[in-house]
Every structure is written in C-alpha cells, then in structure tokens.
Protein chains: 2
Amino acid sequence: MSKFKLRALAGALAMIGLSANTMAAQWQALPTKAPEPADNPSTPAKVELGRLLYLDPRLSSSGTVSCNSCHNVMAGGEDNRGGSVGVKGQVGGRSAPTVWNSAFNSVQFWDGRADSLEAQAKGPVTNPIEMGMKSWDDVVARLKEIPGYRQLFASAFGGTDAINVDNAAKAIAAYERTLITPNSPYDQYVNGKTAELTEQQVRGMNTFAEVGCASCHSGPAFNGPTQAQGTGFFMKFPTFPDAALEAKYGFEKDLGRADVTKNEADKHFYKVPTLRNIALTAPYFHNGKVMDLPTAVQVMGKTQLNKDLSEQQVNDIVAFLNALTGQFPSQAMPHLPDYPNKTFAYE
Amino acid sequence: MSKFKLRALAGALAMIGLSANTMAAQWQALPTKAPEPADNPSTPAKVELGRLLYLDPRLSSSGTVSCNSCHNVMAGGEDNRGGSVGVKGQVGGRSAPTVWNSAFNSVQFWDGRADSLEAQAKGPVTNPIEMGMKSWDDVVARLKEIPGYRQLFASAFGGTDAINVDNAAKAIAAYERTLITPNSPYDQYVNGKTAELTEQQVRGMNTFAEVGCASCHSGPAFNGPTQAQGTGFFMKFPTFPDAALEAKYGFEKDLGRADVTKNEADKHFYKVPTLRNIALTAPYFHNGKVMDLPTAVQVMGKTQLNKDLSEQQVNDIVAFLNALTGQFPSQAMPHLPDYPNKTFAYE
C-alpha cells in the first residue's frame, strides 16, 4: 500500500472511529426509577425493611459492620478506601463499588458474579472477611429474635414466618433500587438546560467521546450498553498492559472474572463500572490503588485506549466527570428495631 | 433491748428507710432541653456541623470509624458490645456508654475523666485503639481540605479560619445536646398519664426505690443528684464484692477512676450511669460482661445493696426499667461534605 493510501485509510478510520464514538455517546439522562425483577416488585414496606437491614450492624458477626459500613449512603455510596474493612479489622482485596445507581448494573461485583441485586445482597453477610456471619441461618435466627423485624417482614412479605434469606435479600435490593442520583449537571444539560455545564465540561464531554471512553462507558449510567439483567458487559483491564503502570499499581495481580469462571479467557476482565458520582468514589479501579481522578483518567487512556492523553484532555474529562455527580435523595435516619434487655454474642 | 423493742426499731427504721428512699425518688420527667455551657451556646449551624462530624468516618485513621460507629444514634446510642471496635479491629476494654441523654451527665466517660461533652469529644478521635488519628492537627488538616467543612465551620463559628479542635468539639457537643429521648412511658406517668405504666411497672418503680436503687440512680436521668458541670457523682462498683460474681465477670480487673487519679481511694469508682434507655444498651456494666438486664439487676442488688433480690423483684424492676425507653428524635440522614476527585491516605 502506498504511503498516501495508508494515510487515507488512517484518516478514514479516524473519521469512522470518531463518528462511531460520537454515535455511541448517545447522551442520556439517568432514569429516576430502576427496573424491578418480576419476582420482586418494590413496595414501600419492602424498601423500609431493606433500608433497616442495610443499616443494621447486627447482620455481622461482630455487630459492627453493616452494608452501609462499606457502601456509605451518607457519602458516595462506598468507603473511599482501597480495600474495605470487614470484621476483625480484615481488609478486602477489592475496592467497594458504589451502591448509588447500582440498580442500573446488569450484573454486580467487580467480576459480575452476581446476576442481580438480590444475589449480591447475600454475599458480603457471610463472607468471612466482610460481615463474617457463619451462615444465613444464623442471621435469620438473630432477625427472628428482634420483635420489630418479625413485624416488618410480615408487613413486607405477608405470613407469619416471612424471615428468610430470600426475603432479606429482596428487601435490601428493593431499598437499593431507590438509591438513584438523578439531576446531575450532566443530566440537566442533556435535558436542555445547557447552562448547567461549563465550557470546560462540554469540551470534556466531547473529548470523552472522541478519544473513546464512551465506547465502553456508554448509556445513562455510563456502564455500557443495555444488557439483559444477569448478562454482564465486561472489558479487559488493562487491555494494553504497561510495565511502568503495572510496577506502580499492580493491576494484574487480580485475575478478575477468571477467578470466578476459571476461564483463562476471562483473565483481567471486569464489569464496566458506572461513572455516576465518580468524583466521590476515589480511590479508583478494582484494587483502589489510584488515589485521584486525574491520574485515573490518564491511566485509563493508557491501559484501555493506548493513548497518552494530554494534560488538557485529562483536565477537561475530569471536569466533565464532575458533572456526573447527581442529587442524593433525602432519607430519614431510622431507629433500628429494638432488641430489648439483651444482646447477641458478638465476636 | 427487748425483742419487742428491737422489732419496733427495725420496723421504724424500715419505715424511715422506705420513706427516705421514696423521698429520694422524687420522680422527675426528663427535660426536653439540656443545659449548655456559657462558652458554647447551641445554634442550628453548630448542631448541623456537629452532626456531620459525628457521623463522618474520615475523622479516623482508617476512614472507617466515626463517633457513630460505637455510639449509634440509629440504636440505643452505643454498640451493644462488651468492648467497642476501633481502627484495625482493636477492641477496647470498656463498654461504650450511650450518647443519648449524655448531655445530662455532669462528667463523661465511665471514670468521669472529661468534665464536659466538649472535653469528651476530643478523646476518642486520637485514641490509638479507637479512631486512631495521630493528632488533632491531622484531623484539622483533613477537614480543611474538604470544601463543605470550610463553609460549615465558618457558618457555625464565623471567620475564615474556624476549623480547629475546639470548634470541632463544640459542634459535636452541641449536636449531642440534641440527643434527648423524652416522653418515655415513665415520663408520661410522672406527668400524670398514669395509664402509661403497667401495674407491674409501677410495682417495679416502687421496688426500685424501696430496695435502694434510687439512692444512686436518682434525678431525671437516673444518674444521680444534680451536680455542677464537671463534678462527678461516683460510686464504688462493686461496693460489696462477691467472689462468685467476680470469678464470673471480673469486675475488679478494672481500677475505674483510680486509673485516672492514681488515687487508691478511687479504686473501682465509676460515674453512676444513666438508666435512660437501659433496655437498649446491653451488655451491662463498665466491662460489658453481663449480657442481659435481669442478670444486671440481680448483680446490682448483690454488689451495691448487698441484697439477694427475689425473682419477682428483679422482674418488676426490669419491667420498670423498660418504661425508661424514650422517644428518639427524628433526624434526616445527611450527605457528608464531599471531597471530590481524591481521597485521604487511610491506614
């Protein structure tokens, strides 16, 4: 091929690429309501029960760790740590994903091993380094001793014996489906209030699409194209391994989805995470080794797009990402159901 | 002295004793407002700032422990554990006292070493086994990096450089002064709604006074007579040591107030704790070794009054103590001030 032809091809590809990226970036506002599975329609009683369970440290072996400990709904929906801290001060290997807008993920956990919020909710409670309960039977036994929970489960699910793992998980999932942060500056911009984004943020939004971020971080939650619930949208991280970055951050120590599937082809694959409220969820990546957002953007350029983004590009994209911080719904602080006159034998 | 005279004397003493106890038990409802020190009048801005600081785990070295972790305002104001869990899974030696109505304590901590809520608030943050911060300078440095806190401290205290340890403690104390639980069945009874207590609870209330509990657990918060702020009302526990109880619970391993004063005479002395919401604060005593309230009442009879309370007496007193569970004020769940694009270097 002649030099001219090569250049023309490259130019054409660049144009197609650019066009494809811009097309991919069909900018969409965040829905204000999350999809619900047919077997777990949300009700106010379920949501309220789920909220209490979510905030209740009695679901852990030590009585000190609740879902909220690592997925803090008073903050960015996680704990701003590399590894989260479970019972007995144990530190996990992956950075807690945000609970905000997790209802828009088609699979849960970094490796997508849970096909629903319901399935996810069952995991950490009995994980020995997270909430440390020996079994869900033990959790259910505790809940049954707390008079308020007996009533709340009955109200949410009917019957006199409604306390079980499936109903607990359904209630927590129903609560999590309310944890949506709409009306970010970006959403308002998309809905026509163009003054809500600064000039730099609009430039960053275009850069985000042009350089290729939006190829994966697409859709209203910036976590990929719409998938059937339970079907993950996975990408390899790093796609373009870089020796210097690896030496610094050790991204490849974690096998990602291959840990679950035991399939060599899934090595270093992760669910594409949402970018909603990304400004509030440092540190970044599955291992939480990158402490700030500009560095994270730079790393992504290198590892996923094989590009050295300029300082201006990075700053513009960061400015845009800050426009994805939404409005957090107001919630009342509950009083957890009482367990009068005694306590559980915590570790 | 003749047998008759002895009996008459005993009878007279019993009557005097009963009368004295009943007098001591001047049943008082809980005030709905706590006293404020002259140098820290409460304002809505201070209370709101204090609430955020109280709930913010960024005040700990690990980013995981807030005041609320061990003094849970969604529950009985503590953690229902023997020893509380601080950073790195470290377990403290004393059971966390409840934050509810702590504004009515004239001194704070089990050993009364803090003469105000303000002084108390400064302690746990830099305690190596609690919140683990190396210094308040480090805390202040963090707070200064969080834009929302700069604004909130300015609103609460004025000036452009209002973030410091004293103001942080003042704000937390101002918030804690709002943590009052009035209108318990007992309070309503005292205020004339006599149907609010059951027959057993009234019987327990009388037994509580007659056997001598009210000698120490007097006043509206059941934590002793009114004292000047900073002046503690201390009692020895156990006053009547019992070998069997000691073998089982190890109460005397802790020197109590003598640990602070280094004064032999203060050995095993503790602040008389409030009985408000006592049904919700198991396990009991400074070391949290007694798991349920009936046992705690029985132990108190033995160690403080040298009495073997009957099962009926214990049950009646427990019924009465359950009438001290108040109404918890409704609070909104806040969104903690954002620290966008980065995080702190947590342990």
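Predicted model: local features only at pLDDT ≥ 70, side-chain atom pairs only at ≥ 80, totals over all residues.

Residues are numbered from 1 along each chain as its sequence is written, chains are lettered from A and ligands numbered from 1 in the order in which they are written, and side-chain values use heavy atoms, with hydrogens and water left out.

Q: How many aromatic pairs does the structure hold over all chains?
A: There are 40. Rings of Phe, Tyr and Trp (its six-membered ring) pair if their centres lie within 6.5 Å; planes under 30 degrees apart are stacked, over 60 edge-to-face, the rest tilted.

Q: What makes Trp27(A) and Phe320(A) an edge-to-face pair?
A: Their centres are 5.9 Å apart and their planes stand at 70°. Trp27(A) lies in the loop between α1 (3–24) and α2 (44–55) of chain A, and Phe320(A) in helix α14 (residues 311–322) of chain A, so the pair ties together parts 293 residues apart in sequence.

Q: Why is Trp27(A) called partly exposed?
A: Its relative accessibility is 26%. Buried means under 20% relative accessible area, exposed over 50%, and partly exposed in between (1.4 Å probe, protein chains only). Phe320(A), at 0%, therefore counts as buried.

Q: Why is the pair of Tyr186(A) and Phe222(A) called edge-to-face?
A: The ring centres are 5.1 Å apart and the planes meet at 65°, so the pair is edge-to-face. Ring pairs link Trp27(A), Tyr186(A), Phe208(A), Phe222(A) and Phe320(A) into a cluster.

Q: How do you know that Arg113(A) lies over the face of Phe109(A)?
A: Arg113(A) is 3.7 Å from the ring centre. The test asks for NZ of Lys or CZ of Arg within 6 Å of the ring centre and within 35 degrees of the ring normal. In chain B, Arg113(B) lies over Phe109(B), at 3.7 Å from the ring centre.

Q: Why does Arg51(B) count as buried?
A: Its relative accessibility is 9%, so Arg51(B) counts as buried. Arg51(B) is found in helix α2 (residues 44–55) of chain B. Leaving aside neighbours within four places in sequence, its contacts (heavy atoms within 4.5 Å) include Tyr175(B) and Pro334(B).

Conventions
Helix = DSSP H or I, 4+ residues; strand = E, 2+ residues; numbered from the N terminus.
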